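Visitor: I am new to reading protein models, and I would like to go through one with you, feature by feature.

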Amino acid sequence: MIRRVGHAPRADQRYVVRPGAYAILPLERAVLLTAQMGERVDIQLPGGGIDPGESPVQALHREVMEETGWRIANPRKLGAFRRFVYMPEYDMMAEKVCHIYVARPVLCRAAPSEPDHETLVLSAQDAVDALGNDGDRLFLARYFS
C-alpha cells in the first residue's frame, strides 16, 4: 500500500483518484521548484497529473517543461505517496497518488507555459521549509539527508 500523508479521507466524501508524477530537480546545492501563484502562493515539486495513455515518465517530462521551462534527463523513481485534497482548479475532491522521481535539469528552454506558475531555485533547507505539502517535504528531506 502507498503511504498516506496529510489528512485522512472523510468517510462521507467521494474522491477521484488522480495519479501524478513529480520531480526533485537538484541544481548543485539547491533545488529547482515551481510556485503556483494565487490567493496563496503554493511552492511545489514540479509535476502534475498523468494524462490517459501517458506513462508517468512522459507526464514528468511534459509537466516539468510546462511548469518550469526546463528539460530534464535520467529520471529515477524514488517512491510514492497519496494524499486526499480538494483541487480547486478542477472543483473536485481527489486522492492524489504522487509518484516522486529525481531527475537532472539539463536545459532551460523557456519561461513556464503553465498559467500562474513561476520557477524558483532554493537551497535544500529553504526548499524543504517552503514546500506546500507534507509528502513533497518528506521526499525532499530524505533526498538531501
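This is a predicted model: local features need pLDDT of at least 70, side-chain atom pairs count only at pLDDT 80 or more; totals for chains, interfaces and linings use all residues.

Guide: Residues are numbered from 1 along each chain as its sequence is written, and side-chain values use heavy atoms, with hydrogens and water left out.

Visitor: How many bridges join β5 to β6?

Guide: Strands are DSSP runs of E with at least two residues, helices are runs of H or I with at least four, and both are numbered from the N terminus; two strands pair if DSSP finds at least two bridges between them. Here β5 and β6 run antiparallel and are joined by 15 bridges, with R82 standing opposite V97 in β6. The two strands form a hairpin with four residues between them.

Visitor: Which residue in the turn of that hairpin has a positive phi?

Guide: Most residues other than glycine have a negative phi. In the turn, D91 has a positive phi of about 50°, and D91 is exposed because its relative accessibility is 59% (buried means under 20% relative accessible area, exposed over 50%, and partly exposed in between, with a 1.4 Å probe and protein chains only). D116, in the loop between β6 and β7, has a positive phi of about 65° although it is not a glycine.

Visitor: What kind of aromatic pair do Y143 and F144 form?

Guide: Rings of Phe, Tyr and Trp (its six-membered ring) pair if their centres lie within 6.5 Å, and planes under 30 degrees apart count as stacked, over 60 as edge-to-face and the rest as tilted. Y143 and F144 are edge-to-face, at 5.1 Å centre to centre with 80° between the planes.

Visitor: Which residues line the largest pocket close to its centre?

Guide: On a 1 Å grid over the protein atoms alone, a pocket is an open set of points where a 1.4 Å probe fits, with protein on both sides within 12 Å along at least five of seven lines, and lining residues have an atom within 4 Å of a point. The volume, which is the space filled by probe spheres set on the points, is about 1,000 Å³ for the largest pocket. Of its 41 lining residues, the closest to the centre are Q36, D42, Q44, E89 and K96. The largest share of the lining, six residues, comes from β5.
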